[in-house]
Amino acid sequence: MHYKRLWKNAFALTGVLVLLSGCSMLPEEEAALAPPLIQPTEVTYETEEAVVGTLSEVLNENCTVVSNRQYELSFGQQSGYLSSKEVAVGTAVTKGQVLARLDCGDAQRQLEDAKISLEIQKVNLEQALSKGLPDTDTKGNKVNFAAQIAQLQINQTQLKINSLRETIDNATIYSPANGVVTYMTDTAVGGSVQNRTAVCQVADLSRLEFEYTGPKASKFKLGMEVTLTIDGKEYTGTVSATQDSVPKDQREAFSGKVRLSLSSMPEVSLGDSVRFTAVTSVKENTVIVPKNAVSGYVNSYSVQIYQDGVVTERTVEVGISNSTQIEILKGVDAGELVVVK
């Protein structure tokens with residue numbers, strides 16, 4: 001019993017020693033490493049120097065082939081029912097060609113009857129004249145009463161023919177020129193047409209020009225030179241009409257439009273799109289920078305100036321420009337470096 005107690009005490013002592021030495025048996029913690037130092041990225045700027053020079057503003061736009069003579073056609077004072085529409089939009093027409101008709105009753109039949117009567121009366125006149133002067137008037141003069149009556153009938157019938165022709169002509173719209181139909185009324189055949197109402201429109205193909213429509217129309221001046229490119233060939237033309245040059249009663253309709261013309265017209269068709277260029281302004285001895293150095297919008301532009309390694313934002317006032325350069329009216333001096341984007 002005494003030995004068992006000794007062994008128990010020995011085991012207990014050994015366990016305590018093991019527990020006391022347990023911490024020293026674990027691996028020691030390593031010291032935390034300092035984070036690596038991040039080197040700042042070097043910022044580089046592409047710059048160009050503001051220069052003094054001459055700058056031309058060149059517009060490169062599209063224009064459309066149009067006729068400078070458009071005929072808006074109606075039945076004038078005549079009202080009635082539409083009996084026919086002889087053409088459609090896009091139809092090529094010749095001068096005098098019938099475009100539309102109003103119903104004028106049996107006027108056409110009456111006209112044909114009158115023409116036949118006229119021919120009969122002319123034959124009657126010839127027969128009467130062949131008999132010489134078989135009659136005597138109240139003054140004792142030798143006359144031919146039958147011939148006189150035949151002539152009066154001819155005159156009367158001719159008046160009727162003229163009246164019927166006028167009626168038919170007033171109920172018919174004819175093309176006033178060689179051209180193409182650019183408008184035809186939507187009124188169906190049989191529908192009512194009021195007097196002075198536009199029924200169709202014809203563009204005169206002998207009076208072709210080019211029309212530009214857009215926000216830059218105000219930059220063009222009458223007589224300004226332009227270059228038009230047609231089928232790969234360049235033609236020199238001029239500005240033939242602006243809003244300021246047309247009659248006052250047409251100016252509102254001409255807003256935002258410019259007409260261009262050539263002295264000799266190449267082969268083009270109404271409605272064709274043609275590219276043209278025009279120098280609308282030239283500025284000499286002005287400060288110029290690359291266009292991609294300027295940012296912003298209307299009345300609020302800025303550039304970045306590079307000086308001694310520092311970039312600063314600066315508000316500028318701009319003038320004319322072309323595809324690659326822009327004029328600086330205020331805010332940048334010649335020789336300063338601007339950052340290009």
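The protein has 4 helices and 22 strands, where helices (H or I, at least four residues) and strands (E, at least two) are DSSP runs numbered from the N terminus. This is a predicted model, so to speak: local features need pLDDT of at least 70, side-chain atom pairs count only at pLDDT 80 or more, and totals for chains, interfaces and linings use all residues. Residues are numbered from 1 along each chain as its sequence is written, and side-chain values use heavy atoms, with hydrogens and water left out.

Overall figures come first. Of the 341 residues, 31% count as buried; buried here means under 20% relative accessible area, exposed means over 50%, and partly exposed is in between (1.4 Å probe, protein chains only). The protein exposes about 22500 Å², with carbon and sulfur atoms supplying 51% of that area. These areas come from the Shrake-Rupley method with a 1.4 Å probe, and for residues only the protein chains shown count as cover. As for contacts (heavy atoms within 4.5 Å), take those between residues at least 6 apart in sequence: 71% of them join residues at least 24 apart.

On to the strands, which count as paired if DSSP finds at least two bridges between them. Strand β2 (residues 51-67) has partners that include β17 and β13. With β17 (residues 273-290) the pairing is antiparallel and runs over 13 bridges, and Val-52 has Val-287 of β17 as its bridge partner.

Elsewhere, 4 strands make up an open sheet, ordered β9-β6-β4-β11, with antiparallel pairing. The edge positions go to β9 (172-174) and β11 (192-193); each has a single partner strand, so one side of each is left without a neighbour in the sheet. Inside this sheet, β4 (residues 80-85) and β6 (residues 98-102) pair over 3 bridges in the antiparallel sense, and Ser-84 sits opposite Arg-101 of β6.

A nonpolar core is taken as a set of buried Ala, Val, Leu, Ile, Met, Phe, Trp, Tyr and Cys residues joined through side-chain atoms within 4.5 Å. The largest one has 21 residues, and the members touching the most others are Cys-63, Phe-210, Phe-220, Leu-228, Leu-260 and Phe-276. At least two residues of this core come from each of β2, β13, β14, β15 (233-241), β16 and β17. A second, separate core holds 18 residues, among them Val-93, Ala-100, Met-184 and Val-199. In soluble globular proteins, nonpolar side chains tend to be buried together.

Charged pairs are next. A search of the whole structure turns up 11 salt bridges, each a side-chain nitrogen of Lys or Arg within 4 Å of a carboxyl oxygen of Asp or Glu. One of them joins Lys-219 to Glu-57 at 3.5 Å, N to O. That pair links distant parts of the chain, 162 residues apart: Lys-219 is in the loop between β13 and β14 (225-230), while Glu-57 is in strand β2. Lys-219 is partly exposed at 32% relative accessible area, whereas Glu-57 is buried at 9%.

Another salt bridge brings Arg-259 and Glu-211 together at 2.7 Å, N to O. Arg-259 belongs to β16 (residues 257-261) and Glu-211 to β13, so the pair ties together parts that are 48 residues apart in sequence. Arg-259 is buried, with a relative accessible area of 14%, and Glu-211 is buried as well, at 14%.

Arg-314 and Glu-336 also meet in a salt bridge, at 2.9 Å, N to O. Arg-314 lies in β20 (residues 310-321) and Glu-336 in the loop between β21 (325-330) and β22 (337-339), so parts 22 residues apart in sequence are tied together. Arg-314 is partly exposed, at 26% relative accessible area. Salt bridges with shared partners also join Asp-106, Arg-109 and Asp-113 into one network.

Finally, the cysteines. The structure holds 0 disulfides, a disulfide being a pair of cysteine sulfur atoms within 2.5 Å. Cys-104 is partly exposed, with a relative accessible area of 25%, whereas Cys-200 is buried at 0%.
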